[in-house]
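Student: I would like to learn how to read a model like this one. Can we go feature by feature?

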Amino acid sequence: MIRALDTKDIPFIVSARNIDFCDGWNGAMLESAFAGGRFFGFVAEDSGKAVAFAAADMAADTADLEFIYTFPEYRKKGLGTSLVRAVCDAARGRGAVKLFLEVRKSNLPALALYEKAGFVKAGERAAYYGDGETATVMVKEL
Ligand SMILES: CC(C)(COP(=O)(O)OP(=O)(O)OC[C@H]1O[C@@H](n2cnc3c(N)ncnc32)[C@H](O)[C@@H]1OP(=O)(O)O)[C@@H](O)C(=O)NCCC(=O)NCCS
């Protein structure tokens with residue numbers, strides 16, 4: 001089951017981040033993003049337990065996929081794909097015509113997921129991540 005992401009999910013997202021989810025989001029940033037009204041996302045549940053999530057931010061008539069995460073034991077079961085689809089549908093519903101994202105050049109599972117979901121490479125951002133790694137920028141027409 002997939003449901004909308006909510007402020008009550010913030011502790012869960014932060015705990016996942018502490019395990020191995022290494023984007024720069026913390027609890028305060030998530031609170032502020034939700035308060036801004038342009039931030040939205042989805043959670044995949046298994047028997048009531050949250051096992052994957054994704055979120056995006058609107059920016060005028062485009063949206064940015066901010067993060068997506070599936071707990072390791074639930075990977076390769078299609079949850080990431082379902083969440084990307086939900087984010088695309090919601091972004092389109094909010095008026096976005098394109099969905100952008102940045103992904104580490106070395107993150108082959110995520111790159112494969114995005115390509116399969118219809119994203120194409122739009123460029124690179126050198127030293128985008130704190131450790132100096134380059135980001136691949138991808139975009140999907142909605
Ligand atoms: C990237 C990630 C979200 C994929 O989630 P998922 O639920 O496993 O995704 P899906 O099951 O929908 O996989 C869809 C496709 O992605 C690709 N893929 C997923 N995991 C892969 C892997 N380990 N190696 C290669 N390709 C992979 C495959 O093409 C897969 O399709 P297939 O199963 O038909 O072969 C998950 O691996 C994850 O949480 N990684 C850590 C966090 C992260 O890197 N997030 C992205 C940057 S914020």
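Student: Where does Gly123 lie?

Tutor: Helices (H or I, at least four residues) and strands (E, at least two) are DSSP runs, numbered from the N terminus. Gly123 lies in strand 6, residues 120–125. This is a predicted model: local features need pLDDT of at least 70, side-chain atom pairs count only at pLDDT 80 or more, and totals for chains, interfaces and linings use all residues. Residues are numbered from 1 along each chain as its sequence is written.

Student: Is Gly123 buried or exposed?

Tutor: Count C-beta atoms, placed from the backbone, within 10 Å of the residue's own: 20 or more others means buried, 12 or fewer exposed, in between partly exposed. Gly123 counts as exposed because it has 10 C-beta neighbours inside 10 Å.

Student: How many residues of helix 2 are buried?

Tutor: One of its 10 residues, 27–36, so defined by the burial count. Gly37 follows helix 2, with a positive phi near 85°.

Student: Which residues touch the most other members of the largest nonpolar core?

Tutor: Such a core joins buried Ala, Val, Leu, Ile, Met, Phe, Trp, Tyr and Cys residues through C-beta atoms within 7 Å. Here the largest has 31 residues, and Phe42, Phe53, Ala54, Ala56, Leu83, Val87 and Leu99 touch the most other members. Helix 3 gives the most to this core, seven residues.

Student: Which residues come nearest the ligand?

Tutor: Near means a C-beta atom, placed from the backbone, within 6 Å. Of the 22 residues around the ligand, Arg75, Gly80, Thr81, Pro109 and Leu113 come nearest. Helix 4 gives the most to this shell, with six residues.
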